[in-house]
Amino acid sequence: MKRLGRVGLMLGVLTLGGSFGCGDEKAEKAKEFRVKGTNFLADKNYAEATKAYEESLKLDPTQEKVWEKKAFAHLQLGQTDDAAQAALKMLDFAKTPDDRAAVYRNIAAMYAKNGPMEKAVQYFQEALKINPKDTDSLGWIAEMHSQRGGARSMGSPAVPEELEKALKVYDQVIAINPDSANSYLNKRVVMAKYMEHEKAMRDAAEQEAIEAATPPKPEKGKKAVVDPNAAERVAAAKASSAAHQTRIDQLQAEFNEMTRQFGEATKRAKAAQATNKP
């Protein structure tokens, strides 16, 4: 949703002969509240702005821009649910499927910023129902999985399930738009976090194999305790280590490919810019 700047309105003088009709009175009253709302908005008095816009819309709910401004004012107050409800009214004015998808995407972006993330995903999914190839919505969903997976924070633990989801959605974005250079970069961020996790798991498995293969020192005067399952534990730990190493190798190969693809996409973008120069 576009950020609204300071709004200044100059009211003209309306002179009509005779008395107002009922419809005219209603329209004038709606305008009066609308102007009040806009003035409150300009003064950053968002609470009063929402009240004035509410009254204006009760009288005339066909004011598209007023719904938008009301949503903006609610957002400034941290009232995301109220902002979403106002923004949903924009569907009544959407002329094309793309316009409808944009409404859902804007609401999803509100929740992506303010939470909860579940509602952000819900509205992005609504946009995707209209246009399954909406790369903006897909990109947002991938980013949310990336954040949940810990990819955007060095100190956060990796959550492999979320990282896997992020990779799959980024693959969708790239399949739809292979010229999206940022998608390759974002996917690399996820893979780097995933490799970090797999390396930690591999190292832990290797340490487990060493410990399982090393019998404990016997207490003085006592016989050494032999673990009858030691060989089995060593084999399992080594198998786990090998599996994690295989996944690391796969991720590294994909990482290198993403680096190459990013370079190619960047070259194509520069070539397109050069072609379009006057």
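**Entry 1: Ser180**

I started at Ser180, which sits in the loop between helix 8 (160-176) and helix 9 (181-213). The model I am reading is a predicted one. Is Ser180 buried or exposed? Its relative accessibility is 17%, so I log Ser180 as buried. The cut-off for buried is under 20%.

Next I looked for side-chain partners. I then checked a distance across the sequence. Thr135 is 45 residues from Ser180 along the sequence, and their C-alpha atoms are 9.6 Å apart.

**Entry 2: Ser137**

I moved on to Ser137, in helix 7 (residues 135-148). Ser137 has 0% relative accessibility, so I put it down as buried. Which residues does Ser137 touch, leaving aside neighbours within four places in sequence? I found Arg105, Phe124, Ala127 and Leu128.

**Entry 3: Glu126**

Glu126 was next on my list. I placed Glu126 in helix 6, which covers residues 117-130. Its relative accessibility is 23%, so Glu126 counts as partly exposed.

What does the side chain of Glu126 join? I noted a polar contact of 3.1 Å with the side chain of Lys129.

**Entry 4: the whole chain**

I stepped back to the fold. I counted 10 helices and 0 strands. Read from the N terminus, the order of elements is α-α-α-α-α-α-α-α-α-α. Is the chain compact or spread out? Its radius of gyration is 29 Å, well over the 19 Å that the globule rule gives for 278 residues, so I call the chain more spread out than a compact globule. The C-alpha trace spans about 115 × 60 × 30 Å along its principal axes.

I checked burial and contacts for the chain too. Of its 278 residues, 34% count as buried. I took the contacts between residues at least 6 apart in sequence; 58% of these join residues at least 24 apart.

Methods:
Residues numbered from 1 in each chain as written. Predicted model: local features only at pLDDT ≥ 70, side-chain atom pairs only at ≥ 80, totals over all residues. Heavy atoms only, no water. Helix = DSSP H or I, 4+ residues; strand = E, 2+ residues; numbered from the N terminus. Rg over C-alpha atoms; globule rule 2.2 N^0.38 Å. Buried < 20%, exposed > 50% of the residue type's maximum accessible area, 1.4 Å probe, protein only. Contact = heavy atoms within 4.5 Å. Polar contact = N/O pair within 3.5 Å; in protein donor to acceptor, adjacent residues only side chain to side chain.
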